[in-house]
Amino acid sequence: MIYDPSNIFSRILHNEAPCVRIWESSLTLAFMDVMPQADGHVLVIPKEAAGTIFDLSEHAAAACMATVQHVARAVQAALLPDGLLIAQLNGEAAGQTVGHVHFHIIPRWKDVPLRPHGKVPAAAAELESIAELIRGAF
């Protein structure tokens with residue numbers, strides 16, 4: 001995949017597009033998905049420009065996984081889901097919709113179906129409310 005520096009995640013990293021931030025390090029950023037599949041759906045992205053996992057340096061990949069684990073623990077503590085889905089999609093055929101490598105942290109509750117991927121926008125106030133709960137769990 002050829003990296004397009006105008007993708008939405010790159011624009012977020014360059015403060016050209018808004019997001020509801022959860023956690024940030026020198027190498028990664030975690031923020032609320034604006035079209036969450038479940039309440040508390042968080043995305044983790046590297047600050048490195050990489051379209052897929054195959055384009056990501058080992059150093060950035062390790063930083064992403066550390067952030068995924070850190071944020072997942074906070075999501076678990078804050079929202080008390082029955083389970084937690086961690087996903088990472090590569091290429092359009094796999095369901096990747098943004099050409100910047102990213103990891104999904106999706107809380108799961110028994111008998112609550114997931115909303116469609118990238119289809120149902122959430123209200124900004126709702127995202128911020130859930131984000132506050134997650135931030136409080138760090």
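Helices here are DSSP runs of H or I with at least four residues, numbered from the N terminus. Keep in mind that this is a predicted model.

Start by selecting His70, which sits in helix α2. Is His70 buried or partly exposed? Its relative accessibility is 31%, so His70 counts as partly exposed. Now show what is around it: leaving aside residues up to four places away in sequence, His70 touches Trp23 and Phe138. For a sense of distance, pick Gly40 too; Gly40 and His70 are 30 residues apart in sequence, and their C-alpha atoms lie 14 Å apart in space.

Next, colour all of α2 (residues 58-79) along with α3 (residues 124-135): the two helices pack at an angle of about 105°, their axes 8 Å apart. That angle makes α2 roughly perpendicular to α3. To see where they meet, show side chains for Ala74, Val75, Ala78 and Leu79 on α2, and for Ile130, Leu133 and Ile134 on α3. By class, this contact has 7 nonpolar residues, with no polar and no charged ones.

Stay on α3 for the last stop. It has 12 residues and reaches 16 Å from first C-alpha to last, close to the 16 Å expected at 1.5 Å a residue. Select Leu127, Ile130, Ala131 and Ile134, which are buried in α3. Then turn the view to look down the axis of α3: its buried residues fall within an arc of 105°, so they line one face of the helix. What covers them?

Conventions. Residues numbered from 1 in each chain as written. Predicted model: local features only at pLDDT ≥ 70, side-chain atom pairs only at ≥ 80, totals over all residues. Heavy atoms only, no water. Axes fitted to C-alpha atoms, helices over the stretch in contact; angles between N-to-C directions. Parallel < 35°, antiparallel > 145°, perpendicular 65-115°, else oblique. Contact = heavy atoms within 4.5 Å. Nonpolar A, V, L, I, M, F, W, Y, C, P; charged D, E, K, R; others polar. Expected span 1.5 Å × (residues − 1). Buried < 20%, exposed > 50% of the residue type's maximum accessible area, 1.4 Å probe, protein only. Arc of directions from axis to C-beta.
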